[in-house]
Structure formats: structure tokens, C-alpha cells
Amino acid sequence: MKNIKVGQQEFGKDKLFIIAGPCVIEKESIMMETAEKLKKMAERLDLPFIFKSSYIKDNRSSVEFYPGPGLEEGLKMLQKIKDTFDVPVISDVHQASEVNAAAEVLDVIQIPAYLCMQTSLVTAAAKTQKAINVKHGQFLAPENMIKPVQKIEHFGNKNIMVTERGYVFGYNDLIVDPRSFYELQQTGYPVVFDITHCIRKYGIPSSDPSGGTRQYLGPIARAGVAAGIDGIFIESHPDCTNALCDAASQYPLDQLEEFLKPLIEIHHIEKQTRK
């Protein structure tokens, strides 16, 4: 398994790592509070950490729902977080035309699950030579994730993570298949488990409490770590009820540290058993 370097930290080596932050960039006070608390928490737990928040959520189910501040203002906010707290930052890109501007700020460029096979987007991101997090499409067999990985490698970029976020199963539901962790590991790159997106209930607004099944986060996170993942992707917010996106699935910021502690222990045991 290759390790990748983001900033001054290695990801995928010995320690469980986390990608965490609000789903979408909101007002500055919320963003700064969340980033500061996450940074301090990661230091206490000795976890490599990447701050995540999206400048645009381009797959909202209604044009009336908050999409984020946009590319320019969103990148300014991420740059301020990066400079203030000395943490690497990640956000999704949706069009090839965004990539160069995003690469000036982002330490990791994220390819959304719906767009993981979009060659123009993937190759534009690869050419920046920034670290790339490719999210596994809900429609794609896990062994086929080698295809977007190879597109990135084609441009000499081997700073790659692959992220599992569940499969469409029937209507309006996502299911995590533990076999996918094994298949994603075959790419040779660190495997991340996006636990908060895979508990969303499609077709229900995320502001509705029934739009997420947060009660399953603990069991699926523990199962994923035991199955050999390297990192946890978890969206977290200081006031989930009033979050402007994915309110029903983000994890309460003040509970996150205790949530992560058993996962660190399981990861330590799992790493010792890897062959």
C-alpha cells in the first residue's frame, strides 16, 4: 500500500487519518470554530487531519437549497482556514474549468462520486500534480475504480486516495458492501470510508431528521476500520440541526472525539494483522 503526502503529513502509513468538516462552506464564524476544534481534536488524538468543506454543492435536489458560496468566495474561506490553523484543505471540483483555480488553494482535489468517470475532470485534476481523492461512484463496481485511478496515474500523479461512500440499493437507499474495501485496496492507494454520505436517505431533504440514519454511523464505521480502511471521511458541524446541507447526516462536533477513539483502537489492531 502506497503512502501519500499532503503538506507535511503522511496519509495511509500507520495511523488512521480523518477528513472532516462541514458539508458546505457556511458563515465564517461556523467555519473557523469548526476548523479550530477539529485541529485541536486531531492533535489530542494524534491523527493526521485534512479539513473538508465544499465551496459548491452541485448536486442539491432543489435549486432552492443552499449550494455554497461559490468558487471564489469559497476558496478565500478555505485559504483563511489553511493559513490560520496550518491544516491541509480539501474540496470537490465539478468542472474542468474550476480545477486550476482550486489547485492554487486546495491541498487535495476531490472528484465527486457522480463524476468519478468524467475523463476531462479527472485528467484536469491529475495534471495539477496535487493529491487527488476519487470518490467511488454509487453506480460502479468497486473493481472498476482502477479505471479513474489509472487515468490519474497516466499523468505521472501517484498521490491518490480512493473513497467508498456506498452503493445505490433499490430506491433512495445506500448500502455499504464490505467487499468493496478489499477491492479498493487493490488499487494500491489509501482507502477512505465516507461514513456520513452513505447514511443519507435519497429523496428526503437533508434538513428533515428522517433524511439520514445517524444511528448506523458507529456500527458501519467500526466495520469499515476492521475491514482495513486507512481513513475516515466524516462531515461534522457544531449545530447539525441548523446546518445548511446534510443536516440529518453530519456528526455533532462536540461528540466527534469520543466517536473516533474506538476506531483508533480497532485500526491499531487491524494494522498489526495485515499481510
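Tutor: Happy to; we begin with the core and then turn to a glutamine and the cysteines. This is a predicted model, in which local features need pLDDT of at least 70 and side-chain atom pairs count only at pLDDT 80 or more, while totals for chains, interfaces and linings use all residues. Residues are numbered from 1 along each chain as its sequence is written, and side-chain values use heavy atoms, with hydrogens and water left out.

A nonpolar core here is a set of buried Ala, Val, Leu, Ile, Met, Phe, Trp, Tyr and Cys residues joined through side-chain atoms within 4.5 Å; buried means under 20% relative accessible area, exposed over 50%, partly exposed in between (1.4 Å probe, protein chains only). The largest such core has 66 residues, and Phe51, Ile81, Ile232, Phe259 and Leu260 have the most contacts inside it. Helix α1 (residues 28–45) gives the largest share of this core, 7 residues; helices (H or I, at least four residues) and strands (E, at least two) are DSSP runs, numbered from the N terminus. A second, separate core of 12 residues includes Ile50, Ile90, Val108 and Ala131.

Glutamine 110 lies in strand β6 (residues 108–111) and is buried, at 1% relative accessibility. Its contacts (heavy atoms within 4.5 Å) include Ile90, Asp92, Asn133 and Phe233, not counting residues up to four places away in sequence.

As for disulfides (pairs of cysteine sulfur atoms within 2.5 Å), the count is 0. Cysteine 116 cannot pair because its sulfur is 16 Å from the closest cysteine sulfur, in cysteine 198. Cysteine 116 is buried, at 0% relative accessible area, and cysteine 198 also counts as buried, at 7%.
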